[in-house]
Amino acid sequence: MHGGPPLTAPATARPTPDLRRFRLRASFIRLVQLRASFIRLVQLHASFTRDVDASVKDPCSCTPESRGSRFTLVARLGILAAVALPLAACTSAVKVAPFEGAETEACHAVGARWPSQVGPAQWRETAVESVTVAAWGDPAIIARCGAVPPGPTTLPCLDIGGVDWIMDELDDGYVFTTYGRSPAIEVLVPDAYETAPLLLPAFAAAAETIEQGPNRCS
């Protein structure tokens, strides 16, 4: 058998010192870039979290209109959540929901008699197309027709110009509800307004469209 040259593995080229330095430099630059990208992601996440927290705590932080009308009455009012309506959160309209079943002839008659002004507060646009709700001033005084008529209660009952009102004091305002009339009218007054009961005569014409029942302030 004819002998040939011995078979040897091809020599592997060793990287030169300059090539090794180049690769190390490229790896270092890549690590720096990755670190910068990671820091940017962390910053964006923190900014997003702050924005979401701010929108939940103050859905209309860019405008002052509805802050005063939210106080501790959010659940009672059923104000439309700015998280669900982010683009509507900063409009000038007061965001408040009507009572369920309020679209009745009686409440439409009430809506036709809402006052144009309540004390110093001027008429405000609301974010819902319903005459059964209305708003005035900033912070907003809010009135809604269609509340469940309250029964006898130990809360103060005020006779204001022949219209009876139940007064409920909250942390940041008052809730007044007509007594002895069905459906009832609810008026929400932030504590920015002094002597809140003195604002109620403005609602007499609207309240009187609903017949007074047997229940009266004693």
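A residue is called buried when its relative accessible area is under 20%, exposed when it is over 50%, and partly exposed in between, using a 1.4 Å probe and protein chains only. Phe176 has a relative accessible area of 0%, and therefore counts as buried. The model is predicted, so local features need pLDDT of at least 70 and side-chain atom pairs count only at pLDDT 80 or more, while totals for chains, interfaces and linings use all residues. Residues are numbered from 1 along each chain as its sequence is written, and side-chain values use heavy atoms, with hydrogens and water left out.

Rings of Phe, Tyr and Trp (for Trp, its six-membered ring) pair if their centres lie within 6.5 Å, and planes under 30 degrees apart count as stacked, over 60 as edge-to-face and the rest as tilted. By this rule there are six aromatic pairs. The pair of Trp114 and Trp136 is edge-to-face, because the ring centres are 6.1 Å apart and the planes stand at 75°. Trp114 and Trp136 are 22 residues apart, and their pair links distant parts of the chain. Both Trp114 and Trp136 are buried.

Tyr174 and Phe176 form a stacked pair, because their ring centres are 6.0 Å apart and their planes are at 25°. Tyr174, at 22% relative accessibility, counts as partly exposed.

One aromatic cluster is formed by Trp114, Trp123, Trp136, Trp165 and Phe203. Lys95, elsewhere, is buried with a relative accessible area of 7%.

Notes: Helix = DSSP H or I, 4+ residues; strand = E, 2+ residues; numbered from the N terminus.
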